[in-house]
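The stops below can be selected one after another.

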Amino acid sequence: MLKNERCLEALVVYFKAGRKEEPYVTITRKMKLKNGKVIGSPMEWEIGHSERKLAVHRDAFKRTAVIQAFLGSTPQLTLQLYATIQEKYILPARLTLMIISLISITYGALVCSVLAIQIRYDEYKVSVKTGAYLCMVLWRGLEIATRVTSLVLFSTALTYWVVLVGLANLLIFFFQPWVEFWARRASLPENVEKNLSKLGTCVVLCLVTLLYACINIFCWSAVQLNLAEQELLEKQPRWSRLAIYYTVRLIENVALIVAWYFFKSDFYEYVCAPLLVVQLIVCYGLAVLFMLLFYQFCHPARKLFKHNVEDCLRCACCWRKEHTLVPQVPPNPDLTVQLGVRETDILEDMEAA
């Protein structure tokens, strides 16, 4: 009901905007980016009441899309895929529902990626091009589809163990922001929501971290939490987390698929199991490849990176070469030369005597 009222209000504000001049609420100043480079001096924009209201509604719709994607569409896709595998055939209605769920989850992941870019480069006017969106769609779609398929296949072979895997993932990502918060010895942020007590603030933060954990179970959240900040988001993301996440996730997916391959029942005789294992691993590798391509060539602020993907790969290769070099063996001494030098020294000593 509230969502419908918000939609109607946003439509009314949108159609009324620009009909009459209204006083501006604030002035924003940002630098323009073109092909990842800063162009000219900072530009100023006057933001009126209508534009500000539309921005508030737009942010609310994005948050709703993320919540719907990972708390609604993800369980739906997992359940429908599990039912399809168990029944050995695909109903057209069920296939349509799975496609819609996958599109919804991919859109939610795209919103997280774009939000992370906007937070990191808040002082710049960032515009994401069509090629970047296409690369992100391929990256996110392959990542989510592979992850869901791996979990569902594993659940069909080891039903009770998948609960342990999911619960472990949920607890790790749920407590990770809180552990960092306690390690920094920070205090709870104020004004998270109006008229909230400390208990209410803790409840809101727990709900936010729960959504954060649900996102990271299936794909990289892109947005990193910092409970000590008033915005609750990390403005300086660390690339090491991205590398660690995808490395661990690749190992986990491979382990789940291999476990399914060895513990599967005769139920999968109609499927070429080795080919399916290879396809899932290759698809996840392609997802990582599209992610690297996005950060290397399609990121709207790639020219502002201190180090890009190519530099990181070069450093990793150099580090590996340094640690795999064969130690150099000193050359064997030439005994004939040493004897000749020794004889010359003896003759000189005799002549001097």
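**Before selecting anything**

This is a predicted model, in which local features need pLDDT of at least 70 and side-chain atom pairs count only at pLDDT 80 or more, while totals for chains, interfaces and linings use all residues. Residues are numbered from 1 along each chain as its sequence is written, and side-chain values use heavy atoms, with hydrogens and water left out.

**Whole chain**

Show the chain as a cartoon. It contains 10 helices and three strands, where helices (H or I, at least four residues) and strands (E, at least two) are DSSP runs numbered from the N terminus. Along the sequence the order is α-β-β-α-α-β-α-α-α-α-α-α-α.

Of the 353 residues, 34% are buried; buried means under 20% relative accessible area, exposed over 50%, and partly exposed in between (1.4 Å probe, protein chains only). Switch to a surface: the chain exposes about 23100 Å², and carbon and sulfur atoms supply 64% of that area. Accessible areas come from the Shrake-Rupley method with a 1.4 Å probe, and for residues only the protein chains shown count as cover.

**Annotated spans**

Select 95–119, 158–179, 199–223, 243–263 and 275–297, which an unreviewed UniProt entry labels "transmembrane region". UniProt positions are given in the numbering used here, feature names are shortened, and annotations may be inferred rather than shown by experiment. Residues 95–119 are 100% helix and 0% strand, with end C-alpha atoms 36 Å apart. Residues 158–179 are 95% helix and 0% strand, and their end C-alpha atoms lie 31 Å apart.

Go to glutamine 68 in helix 2 (residues 49–87). Glutamine 68 counts as partly exposed because its relative accessibility is 46%. Leaving out residues up to four places away in sequence, glutamine 68 touches Ser73 and Ser104; contact means heavy atoms within 4.5 Å. Draw a C-alpha distance from glutamine 68 to isoleucine 105: 8.2 Å, across 37 residues of sequence.

Next, select threonine 106 in helix 3 (residues 92–120). Threonine 106 is buried, at 8% relative accessible area. Beyond residues up to four places away in sequence, threonine 106 touches Val137, Arg140, Gly141 and Ile144.

Helix 6 (residues 198–218) has 21 residues and should span 30 Å at 1.5 Å a residue; its end C-alpha atoms are 31 Å apart, which agrees. The expected span is 1.5 Å times one less than the number of residues. Its buried residues include Leu205, Thr209 and Tyr212.

Which residues does leucine 225 contact, leaving aside neighbours within four places in sequence? Thr209 and Tyr212 are among them, as are Pro177, Glu180 and Leu232. Leucine 225 is in the loop between helix 6 and helix 7 (239–263), and is buried, with a relative accessible area of 6%. Its C-alpha is 9.4 Å from that of tryptophan 178, 47 residues away in sequence.

**Helix 8**

Finish on leucine 289 in helix 8 (residues 273–298). Helix 8 has 26 residues and reaches 36 Å from first C-alpha to last, close to the 38 Å expected. Buried residues in helix 8 include Leu280, Tyr284, Ala287 and Met291. Leucine 289, at 42% relative accessibility, counts as partly exposed. Colour Val278, Val282, Leu286, Leu289, Leu293 and Phe297: they form a nonpolar surface patch with about 500 Å² of accessible area together. Patches are made of residues with over 30% relative accessible area and no salt bridge, with like charges joined within 9 Å and nonpolar side chains (Val, Leu, Ile, Met, Phe, Trp, Tyr) within 5 Å. A salt bridge is a side-chain nitrogen of Lys or Arg within 4 Å of a carboxyl oxygen of Asp or Glu.
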